[in-house]
Amino acid sequence: MKPLVTINNLTVAFGNHKIIKSLSCKIMQGDFFIICGDNGVGKTTLIKTLLGSLHPQKGKIILPPKREIGYVPQFRNLDQEYPLSIREFVGLNYQTAIIPWVTSKEKIAQNKIIEKTDLVKLQNQPLGLASGGEKQRAYLAQAMINHPPLLILDEATSSLDNFMKYELLNLVANFQKDGVTVIFVTHDLPLAKQYGNRFLYMSSSNYMIDSINKLPK
Ligand SMILES: Nc1ncnc2c1ncn2[C@@H]1O[C@H](COP(=O)(O)OP(=O)(O)OP(=O)(O)O)[C@@H](O)[C@H]1O
């Protein structure tokens, strides 16, 4: 397997405060890659750097061509009055969304991704009235509508109950089976062990990268 993401000697700082210090790591095509570690150690900072919203002080990151990345954030509740249906929300990310009306290609893409994320029955309901798990599935559908090769989930299962966690991660695992590389930031180590194959454990003193059966308890 080839690397899909290569992080080379990466240092990220806020002012003089170095958060990520000389991190080198390869994420291979097809990995379900877990990022875990103590609070405040820099997991979200690393994700923001991968997504391009933070710039490294030093080092290099090689990403998939054209930076095609799907991203599912941590669950934060939306206003009940949020005006879009689940289907409309999923379509927001469609690549030709510069055209204001829904094209037939977009309809097909929406249908496919709505089926893959188990949202067929709910698609015309207002997103604001959906449950936490349904909202996260809508974020997953929106993230994957253009078939990016890389999917990043930043604590996307925290504050979901056990049933909804597994429901979301089973769908993510289906994308992985189709060849998508997954990066999953989580504090939930049992969940990490169940779905992940490799991990990066971040602590203030060092970084550990290994296969999932070596993940510390
Ligand atoms: N914009 C910012 N300016 C200054 N410091 C920041 C900024 N964003 C994050 N930090 C600091 O960087 C450190 C790492 O934060 P980060 O959110 O990456 O940690 P984390 O590992 O994701 O934590 P958690 O597990 O609690 O979500 C923290 O000390 C945080 O206060």
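Trainee: Where is glutamine 95 found?
Mentor: Glutamine 95 sits in the loop between α2 (86–91) and α3. Helices here are DSSP runs of H or I with at least four residues, strands are runs of E with at least two, and both are numbered from the N terminus. Residue numbers start from 1 along each chain as its sequence is written. This is a predicted model, so local features need pLDDT of at least 70 and side-chain atom pairs count only at pLDDT 80 or more, while totals for chains, interfaces and linings use all residues.

Trainee: Is glutamine 95 buried or exposed?
Mentor: Glutamine 95 counts as exposed, because it has 12 C-beta neighbours inside 10 Å. The scheme calls a residue buried if 20 or more other C-beta atoms lie within 10 Å of its own, exposed if 12 or fewer, and partly exposed in between, with C-beta atoms placed from the backbone.

Trainee: And how many Å separate the C-alpha atoms of glutamine 95 and glutamate 106?
Mentor: Those C-alpha atoms are 8.7 Å apart, for two residues 11 apart along the chain.

Trainee: Switching to threonine 117: where is its place?
Mentor: Threonine 117 is in the loop between α3 (104–116) and α4. It counts as buried because it has 29 C-beta neighbours inside 10 Å.

Trainee: Which residues does threonine 117 touch?
Mentor: Leaving out residues up to four places away in sequence, threonine 117 touches Arg137, Leu140, Ala141 and Leu171. Touching, or contact, has its own cut-off: the two C-beta atoms, placed from the backbone, lie within 7 Å. With the same exclusion, alanine 141 touches Val90, Ile113, Ile114, Thr117 and Leu119.

Trainee: How many residues has the largest nonpolar core?
Mentor: That core has 56 residues, and Ala138, Ala141 and Leu151 have the most contacts inside it. Helix α4 (residues 132–144) gives the most to this core, with six residues. Domain 1 (1–64 + 149–216) and domain 2 (77–148) both give residues to this core, so it lies between them. A nonpolar core is a set of buried Ala, Val, Leu, Ile, Met, Phe, Trp, Tyr and Cys residues joined through C-beta atoms within 7 Å.

Trainee: OK, domains then. How is the chain divided?
Mentor: The chain is divided into domain 1 (1–64 + 149–216) and domain 2 (77–148); domain bounds come from an automatic or database domain assignment. The centres of the two domains, taken over C-alpha atoms, are separated by 25 Å. Their contact takes 13 residues from domain 1 and 11 residues from domain 2.

Trainee: Which elements supply at least two residues of the domain 1 side?
Mentor: β6 (150–154) and α5 (162–177) each do, and α5 has the largest share with seven residues. That side of domain 1 divides into 10 nonpolar, two polar and one charged residues. Here Ala, Val, Leu, Ile, Met, Phe, Trp, Tyr, Cys and Pro count as nonpolar, Asp, Glu, Lys and Arg as charged, and the others, Gly among them, as polar.

Trainee: Which residues are around the ligand?
Mentor: They are Phe14, Ile19, Asn39, Gly40, Val41, Gly42, Lys43, Thr44 and Thr45. A residue is near a molecule if its C-beta atom, placed from the backbone, lies within 6 Å of it. Helix α1 (residues 43–51) gives the most to that shell, with three residues. By class, the shell has three nonpolar, five polar and one charged residues.

Trainee: What about asparagine 39, buried or exposed?
Mentor: Asparagine 39 counts as exposed because it has 6 C-beta neighbours inside 10 Å. Its place is in the loop between β3 (32–37) and α1.

Trainee: I also want backbone checks. What is phi of arginine 67?
Mentor: Phi of arginine 67 is near 50 degrees, a positive value in a residue other than glycine. Arginine 67 is in the loop between β4 (58–62) and β5 (69–72). Glutamate 155 also has phi near 50 degrees, and lies in the loop between β6 and α5. With 19 other C-beta atoms within 10 Å, glutamate 155 is partly exposed.

Trainee: Last one: how many helices and strands has the chain?
Mentor: The chain has six helices and nine strands. Its radius of gyration is 18 Å, close to the 17 Å that the globule rule gives for 217 residues, so the chain is as compact as a globular protein of that length. That radius is taken over C-alpha atoms, and the rule is 2.2 Å times the number of residues to the power 0.38.
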